[in-house]
Amino acid sequence: MTSWLRSSEKTLEAVHLPLGHADYATTYRLQRRLHSLRSHGEIVDTVLTVEHNPVFTIGRSGSALNVLAPPEVLQQEGILIYEVERGGNITYHGPGQLVIYPIIDLRDQGHDLHRYIRNLEQAVINFLSEVGVRGRRHPGFPGVWVNSYKIASVGVYVKHWVTRHGLALNIAVDKAHFGMINPCGMEIEVVSLNELIEGPLTLEEVATGLLTKMEPLFGWRFTRANPHKFWEGWQ
Amino acid sequence: MSEVRLPNLGEIDEVTVVDWLKKEGETLKAGEDLLEVETEKTTFVIEAPQAGQLVRIVKKKGERACLDDLLAEIE
């Protein structure tokens with residue numbers, strides 16, 4: 001049995017919270033709140049899906065030196081920069097990119113950081129395969145690639161074995177924005193899913209398809225939360 | 001004297017110490033965040049296993065560590 005498959009057959013209740021379009025700072029506060037609740041066992045595994053306004057986020061191994069564009073260009077484009085606690089270097093989030101933040105307890109997933117990252121990648125690879133795109137891993141460089149182009153990035157933070165941050169999959173991104181940084185601190189070319197398939201997919205369609213692929217890998221059965229009710233309760 | 005060692009984080013070869021959240025000489029409470037390590041684009045927080053004083057940091061920021069390596073000593 002390959003290492004990214006679950007060893008347990010137990011089904012776990014999980015909630016999908018589709019946030020639609022939400023700004024980075026608000027979603028970040030939400031992640032921290034949910035992380036605390038999950039750590040105390042007050043909520044089940046919860047997976048946020050969201051699309052952000054343009055931002056660059058710099059992880060623990062990153063540096064603002066990988067921002068190539070001058071501040072006035074960032075201001076003109078409305079791009080904000082956040083230093084965050086996830087692993088990895090610099091990355092971009094923005095319109096046309098599906099961001100997935102699993103707030104989950106890895107004690108239910110074998111206490112294994114490697115397996116968690118492989119499972120995130122595998123869900124993307126399985127979803128891409130279903131729409132006719134061959135995604136692959138690049139050993140030593142976490143994420144999912146199509147040929148030499150990066151289509152999905154990962155960056156995670158784990159405390160008390162509970163995760164936050166997660167995965168970003170390019171559906172139809174503005175590549176000019178990616179060109180303003182050295183993604184992951186390297187010269188990487190990115191690709192969007194809709195460049196590779198005939199009929200374009202919406203972020204909602206991709207989110208549904210991707211979460212369907214996550215369910216067997218993580219042993220989840222998702223319940224979909226109503227984001228409007230959620231925001232009313234949370235704000 | 002209590003030793004802080006790298007716990008089993010799964011099928012990984014090694015981690016890099018990305019930050020110490022406490023300095024040598026500081027007093028710690030059990031369960032307080034002590035350091036962050038990184039592997040495969042994942043930051044993992046290691047907590048103080050017991051209360052005491054952080055007397056020695058063995059693996060400094062930027063250094064690599066493998067399973068069960070000594071990271072620090074608490075007295």
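Predicted model: local features only at pLDDT ≥ 70, side-chain atom pairs only at ≥ 80, totals over all residues.
User: OK, chain B. How many helices and strands does the secondary structure come to?
Analyst: Zero helices and eight strands. Those are DSSP runs, numbered from the N terminus: helices are H or I with at least four residues, strands are E with at least two.

User: And how does its size look against the globule rule?
Analyst: The radius of gyration of chain B is 11 Å, close to the 11 Å that the rule gives for 75 residues, so chain B is as compact as a globular protein of that length. The radius is taken over C-alpha atoms, and the rule is 2.2 Å times the number of residues to the power 0.38. Along its principal axes, the C-alpha trace of chain B spans about 30 × 20 × 20 Å.

User: What's the strand order in the open sheet of chain B?
Analyst: β1-β8-β6-β3, four strands with antiparallel pairing. Pairing here takes at least two bridges found by DSSP between two strands. β1 (2–5) and β3 (27–28) of chain B are the edge strands, each pairing on one side only. β1(B) is joined to β8(B), residues 70–74, by four bridges, and B:Glu3 stands opposite B:Glu73 there.

User: Switching to the interface. How many residues does each chain put into the contact?
Analyst: Chain B puts in 16 residues and chain A 21. Contact means that the C-beta atoms, placed from the backbone, lie within 7 Å. On the side of chain B that touches chain A, β5(B) gives the most, with four residues. That side divides into five nonpolar, five polar and six charged residues. For those classes, Ala, Val, Leu, Ile, Met, Phe, Trp, Tyr, Cys and Pro count as nonpolar, Asp, Glu, Lys and Arg as charged, and the others, Gly among them, as polar.

User: Which strand of chain A is joined to β5(B)?
Analyst: β9(A), residues 149–159, which runs parallel to β5(B) with three bridges. A:Tyr157 has B:Thr43 as its bridge partner.

User: Now chain A. What does β3(A) pair with in the antiparallel sense?
Analyst: β5(A), residues 90–93, over four bridges; A:Val55 is partnered with A:His93 there. β3(A) is also joined to β4(A) in parallel by four bridges, where A:Val55 partners A:Leu80 and A:Phe56 partners A:Ile81.

User: Are the β3(A) side chains buried or exposed?
Analyst: A:Val55 and A:Thr57 point one way, A:Phe56 and A:Ile58 the other, and all are buried. Buried is 20 or more other C-beta atoms within 10 Å of the residue's own, exposed is 12 or fewer, and partly exposed is in between, with C-beta atoms placed from the backbone.

User: Which residues have the most contacts inside the largest nonpolar core?
Analyst: A:Leu98, A:Val124, A:Leu169, A:Val206 and A:Leu210, in a core of 63 residues. Such a core is a set of buried Ala, Val, Leu, Ile, Met, Phe, Trp, Tyr and Cys residues joined through C-beta atoms within 7 Å. Helix α3(A), residues 113–130, supplies its largest share, nine residues.

Terms used: Residues numbered from 1 in each chain as written. Chains lettered and ligands numbered in written order. Contact = placed C-beta atoms within 7 Å.
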